[in-house]
Amino acid sequence: MAEIKVPELAESISEGTIAKWLKNVGEHVEKGDYLVELETDKVNIEIISDFSGTLTEQKFAEGDTVQVGETIAAVDESGQSNTVVETEQKPPEPIAHQPIQPIAAAADGQEKKEELNSRPIASPAARRLAREKGLNLNDIPAVDPLGRIRKQDVSSYQHPVQNNTQKVGKAEEMVSSQNDSKPILYERMSRRRQTIAKRLVEVQQTAAMLTTFNEIDMTAVMDLRKRRKDKFFEENEVRLGFMSFFTKAVVAALKKFPYLNAEIQGDQLLVKKFYDIGIAVAAEEGLVVPVVRDADRKTFAEIEMDIMQLAEKARTNKLSLNDLQGGTFSITNGGVFGSLLSTPILNGPQVGILGMHKIQLRPVAIDKEKSENRPMMYVALSYDHRIVDGKEAVSFLSKIKEMLEDPESLLLEG
C-alpha cells in the first residue's frame with residue numbers, strides 16, 4: 001500500500017487545511033493525477049499522486065489541518081480497492097445455495113451511480129464558497145440554463161434560518177437574536193484570512209510603525225502617459241499604467257535611503273542590495289502581495305507586464321509560493337477602490353510600504369495670485385521607526401514626489 005504524504009511546501013509553511021478532495025475512495029488514479037486541494041497560509045496547492053492504483057483511504061476530511069510530511073491518503077498499486085474481499089478456492093455449491101452477494105453488489109453499484117448522478121454540477125469556486133458558508137449545493141438554484149452552479153449563485157443565495165440554527169462547515173452554530181427577522185450567520189474564517197489577521201496584528205505589536213504623508217501633482221505623469229500610451233501599447237502589447245512610474249520612483253528612492261530596503265533579524269540589520277517590490281492585490285480569498293523581481297533592472301513595459309500577469313494569477317488563484325516570497329518593499333493602491341487617504345500596515349518583515357490613493361482635482365496655488373485645478377494624489381509611507389528615522393522617511397517620500405512630478409527624471413536614474 002503506497003502512502004500519499006503532504007510534500008515540503010516552503011520554508012515558512014509547516015501545515016495546511018484540506019480544502020477539497022479531488023478523488024474519492026475507490027476511484028482509480030494515475031501517477032501525476034491531482035488528489036487533493038490544500039489551503040495554506042498563502043496559496044492553495046493541489047497535491048498529486050506519485051503512484052498509480054486505487055485510492056483506498058482518505059485519512060483526513062475536508063476542513064482538517066495536516067502537517068508537512070503527514071500521511072493523508074493511501075493508494076493500492078495493485079489497482080484493487082480494500083473493500084474487495086479475496087475468495088478462497090472451494091468446490092462449487094449446489095445452485096440452490098449460491099450466495100446472492102453479486103446481486104447486492106450490483107445494487108450497491110447502482111446506488112453509487114445514482115448518487116453521483118444526483119450531485120449538482122458546480123464550479124470549484126462555487127463548491128469552495130458553499131463549503132465555507134455551510135450550504136448544500138442541492139438547495140441552490142442555478143441561473144445557468146445548463147444547471148451549472150456558479151459562485152455568483154452561491155453568493156446571492158439566501159439560506160432560510162430554521163430552528164435558529166445555522167450549519168457552518170462541520171459545526172453547528174446557534175443563531176442568537178432577540179428578533180427572528182434578524183438572523184446571524186457564523187462563517188468559518190479561511191486559513192488565509194486567519195493568517196492575514198494574525199500577521200497584521202503581529203506587525204503592529206512588533207514594529208514601531210509610523211506614517212508620514214505628502215501629495216503629488218500628477219499632471220506631468222498623466223500628460224506623458226496620454227502622449228505615449230498608444231505607441232507604448234503597440235510596441236509592448238501591455239498598457240502603460242501608473243504602477244510602473246511608482247515602482248521606478250520607489251526603486252530610485254530606496255537606493256538613496258537604503259534602510260527602507262532592510263529588515264531586522266535579532267540584533268542585526270539586513271540591508272538588501274536587490275529590489276524585489278511587492279504589489280498588493282485584493283484577491284477573492286484575501287489580500288496577497290505578489291512580488292516584481294529585480295525591479296531595478298526592468299523597463300516600464302516589463303514592470304507593467306509582470307504586474308498584469310501577477311494580478312491575473314491572483315484573481316484566478318494560481319499564484320505560486322515563489323510569487324509571494326522575498327519582497328523587500330511593498331506598494332498598495334487603495335485609490336482603485338476610491339480611497340482618498342489611509343495609513344497602510346507594514347508587510348513584515350519589511351520596514352516600509354507606500355500607499356497610493358485616488359487622483360482628485362484640487363485647487364493648487366501656483367503663485368501668490370494664481371490657482372489652478374490639478375490632479376492631486378495623497379501618498380502615505382508607513383515605516384518601522386526602529387530602523388528608519390523621521391528625517392529619512394520624509395526625505396524618501398519627498399524624493400518620490402520630486403521624481404513623479406518630473407517623470408523624465410526616472411529615465412536618468414541608475
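The largest cavity holds about 50 Å³ of space. In this predicted model, local features need pLDDT of at least 70 and side-chain atom pairs count only at pLDDT 80 or more, while totals for chains, interfaces and linings use all residues. Residues are numbered from 1 along each chain as its sequence is written, and side-chain values use heavy atoms, with hydrogens and water left out. A cavity is a set of points, on a 1 Å grid over the protein atoms alone, where a 1.4 Å probe fits but cannot get out; lining residues have an atom within 4 Å of a point. Volume is the space filled by probe spheres set on the points, with grid points joined across faces, edges and corners.

The whole structure contains 2 cavities of 30 Å³ or more. Lining the largest cavity are 10 residues, and V43, R192, N317, K318 and L319 lie nearest its centre. This lining divides into 4 nonpolar, 2 polar and 4 charged residues. Here Ala, Val, Leu, Ile, Met, Phe, Trp, Tyr, Cys and Pro count as nonpolar, Asp, Glu, Lys and Arg as charged, and the others, Gly among them, as polar.

## The second cavity

The second largest cavity has a volume of about 40 Å³. Its lining consists of T17, I18, A19, E39, R128, R131, E132 and R188. At least two lining residues come from each of β2 (15-21) and α2 (124-133); helices (H or I, at least four residues) and strands (E, at least two) are DSSP runs numbered from the N terminus. By class, the lining of the second largest cavity has 5 charged, 2 nonpolar and 1 polar residues.

## The largest pocket

A pocket is an open set of grid points with protein on both sides within 12 Å along at least five of seven lines. The largest pocket has a volume of about 1,400 Å³. Of the 45 residues that line the largest pocket, R199, L346, N347, G348 and P349 lie nearest its centre. Two or more lining residues come from each of α4 (191-206), β12 (262-265), β16 (286-288) and β18 (329-333). The largest share, 11 residues, is from α4. The lining of the largest pocket has 18 nonpolar, 15 polar and 12 charged residues.

## The second pocket

The second largest pocket has a volume of about 640 Å³. It is lined by 27 residues, with M243, A280, I307, N333 and V336 closest to its centre. β15 (281-283), α7 (300-315) and β18 each give at least two residues to this lining, and α7 gives the most, with 5 residues. By class, the lining of the second largest pocket has 17 nonpolar, 6 polar and 4 charged residues.
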